[in-house]
Amino acid sequence: MKIDHIGIAVAKLDAVVPIYEQLGMELELVEEVVSQGVRVAMFPAGESRVELLEPLNEESPIAKFLARRGSGVHHIAFRVSDLAAELERLKARGVRLVDEEPRKGAHGALIAFLHPASTGGVLVELCQQEAS
Ligand code: ZN
């Protein structure tokens, strides 16, 4: 299993994007994912990416995360080839799911979150890229 991306919660993309550019990373895209209440900036890092997440409004899960914990790592996303099948498999094993069904994420991917209570306290996202 590969790490698809690491999601990092930030208050303002404009303030943090230059920091990653300074590290030598190249901004691939900035995209609004309205259904998740976020604006996303993607930086490729080898086969993975760093995903910066800025809340679009106070209702955004990212806004709530920032209020509670401040900026920092929000989730780790693993790449799977068949997300729906993977969710079925995990559900059958009693893993708590945040998303019972795959939904649209950034970059045309299908995503689903697993509950941190079932993953050792880390919010885990499973991610199926369109091409795979
Ligand atoms: Zn993500």
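R49 has 9% relative accessibility and therefore counts as buried, where buried means under 20% relative accessible area, exposed over 50% and partly exposed in between (1.4 Å probe, protein chains only). The model is a predicted one, in which local features need pLDDT of at least 70 and side-chain atom pairs count only at pLDDT 80 or more, while totals for chains, interfaces and linings use all residues. Residues are numbered from 1 along each chain as its sequence is written, and side-chain values use heavy atoms, with hydrogens and water left out.

R49 is placed in strand 4. Helices (H or I, at least four residues) and strands (E, at least two) are DSSP runs, numbered from the N terminus. The R49 side chain makes a polar contact with the side chain of D4 at 2.8 Å. A polar contact is a pair of N or O atoms within 3.5 Å; within protein, one must be able to donate a hydrogen and the other to accept it, and residues adjacent in sequence count only if both atoms are side-chain atoms. Beyond its neighbours within four places in sequence, R49 is in contact (heavy atoms within 4.5 Å) with residues including D4, H5, E28, H107 and Q129.

Because H5 lies in strand 1 (residues 2-9) and E125 in strand 8 (residues 124-128), the pair ties together parts that are 120 residues apart in sequence.

| Residue | Relative accessibility | Class |
|---|---|---|
| H5 | 2% | buried |
| E125 | 2% | buried |
| T119 | 23% | partly exposed |
| L27 | 32% | partly exposed |

T119 sits in the loop between strand 7 (110-114) and strand 8. A polar atom of the T119 side chain lies 2.5 Å from the backbone oxygen of V122. Leaving aside neighbours within four places in sequence, T119 is in contact with L114 and V124.

L27 belongs to the loop between helix 1 (13-22) and strand 2 (29-33). With neighbours within four places in sequence left aside, L27 is in contact with V17, E21, A41, M42 and F43.

The largest pocket has a volume of about 560 Å³. Its lining comprises 36 residues, and I62, H74, H75, F113 and L123 lie nearest its centre. Helix 2 gives the most to this lining, with six residues.

Technical notes:
1 Å grid on protein atoms, 1.4 Å probe; cavity = no way out; pocket = protein on both sides within 12 Å on 5 of 7 lines; lining within 4 Å. Points joined across faces, edges and corners; volume = space filled by probe spheres on them.
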